[in-house]
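Subject: the structure, plus some notes

Hi,

Here is the structure we talked about. Have a look at it below, and then read on for what turned up.

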Amino acid sequence: MARDEKQFTLIYSSNTRVGTHVLSYLQGIEDKILAIDIAKTKVSDTQWVELADKMNCKVADLIDKRVAKVDNTAAYGTNDWLKVLQNNDEVLSWPIAVNGDRTAQIENAPDVMEFFGVESAGLKKTPHTDDPTIKPTTNGENFK
């Protein structure tokens with residue numbers, strides 16, 4: 001997986017509420033975003049393992065066991081969880097954000113703005129036909 005400081009990557013499932021909300025927060029920023037919807041584009045097993053390693057967790061930790069409806073989770077190994085994840089995109093517990101060497105699961109949609117360093121305090125409400133203002137509109141204040 002590319003690890004570029006100028007590239008924002010979001011791995012999410014469009015079949016989850018949190019995934020679609022996180023993506024909607026990112027659609028208003030001008031920076032380059034690579035949004036990977038695992039409902040449409042598969043992430044390789046190697047990439048899933050790499051993502052888990054970067055977050056100091058196991059592949060099993062990326063999966064919402066309640067959604068997966070797995071009875072005996074103790075009997076599952078990494079390969080089993082990879083199969084569950086590859087065949088059931090909605091089991092991804094939280095979208096994953098990647099920027100350079102930083103990788104994190106985003107539990108609350110607004111947190112993705114902080115992860116990617118986007119300041120939202122200066123956002124103005126504008127009519128749907130205007131592009132949103134995404135630059136700070138106050139001087140000397142930092143609302144990150």
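One definition before anything else: when I say that two parts touch, pack together or cover each other, I mean a contact, with heavy atoms within 4.5 Å. The second thing to know is that this is a predicted model, so local features need pLDDT of at least 70 and side-chain atom pairs count only at pLDDT 80 or more, while totals for chains, interfaces and linings use all residues. Residues are numbered from 1 along each chain as its sequence is written, and side-chain values use heavy atoms, with hydrogens and water left out.

The overall picture

The protein has five helices and four strands, in the order β-α-β-α-α-α-β-β-α along the sequence. Those are DSSP runs numbered from the N terminus (helices are H or I, at least four residues; strands are E, at least two). Of the 144 residues, 39% are buried. Here buried means under 20% relative accessible area, exposed means over 50%, and partly exposed is in between, with a 1.4 Å probe and protein chains only. If you take the contacts between residues at least 6 apart in sequence, 61% of them join residues at least 24 apart.

Start with α1, residues 17-26, where Val18, Gly19, Val22, Leu23 and Leu26 are buried. They sit on the same side of α1 because they cover an arc of only 130° around the axis. That arc is taken from the directions from the helix axis to the C-beta atoms. The buried residues of α1 pack against β1 (8-12), β2 (33-37) and α5 (111-115).

In α2, the buried residues are Trp48, Leu51 and Ala52. Their arc around the axis is only 95°, which puts them on the same side of α2. The elements covering them include β1, α4 (78-87), β3 and β4.

After α2 comes Asn56, in the loop between α2 (45-54) and α3 (65-68). Asn56 has a positive phi of about 55° although it is not a glycine. Asn56 is exposed, with a relative accessible area of 73%.

Around β3

Is Asn99 buried or exposed? Asn99 is in strand β3 (residues 96-99), and its 7% relative accessibility makes it buried. Leaving aside residues up to four places away in sequence, Asn99 touches Asp4, Glu5, Gln7, Phe8, Phe115 and Phe116.

Asp101 is in the loop between β3 and β4 (102-105) and counts as exposed at 57% relative accessibility. Asp101 and Lys54 are 47 residues apart along the chain, and their C-alpha atoms are separated by 8.1 Å.

Lastly, a residue list to click through: the largest cavity is lined by Ile38, Lys42, Val43, Trp48, Leu85, Gln86 and Asp89.

Cheers

How values were computed: On a 1 Å grid over the protein atoms alone, a cavity is a set of points where a 1.4 Å probe fits but cannot get out, and a pocket is an open set with protein on both sides within 12 Å along at least five of seven lines; lining residues have an atom within 4 Å of a point.
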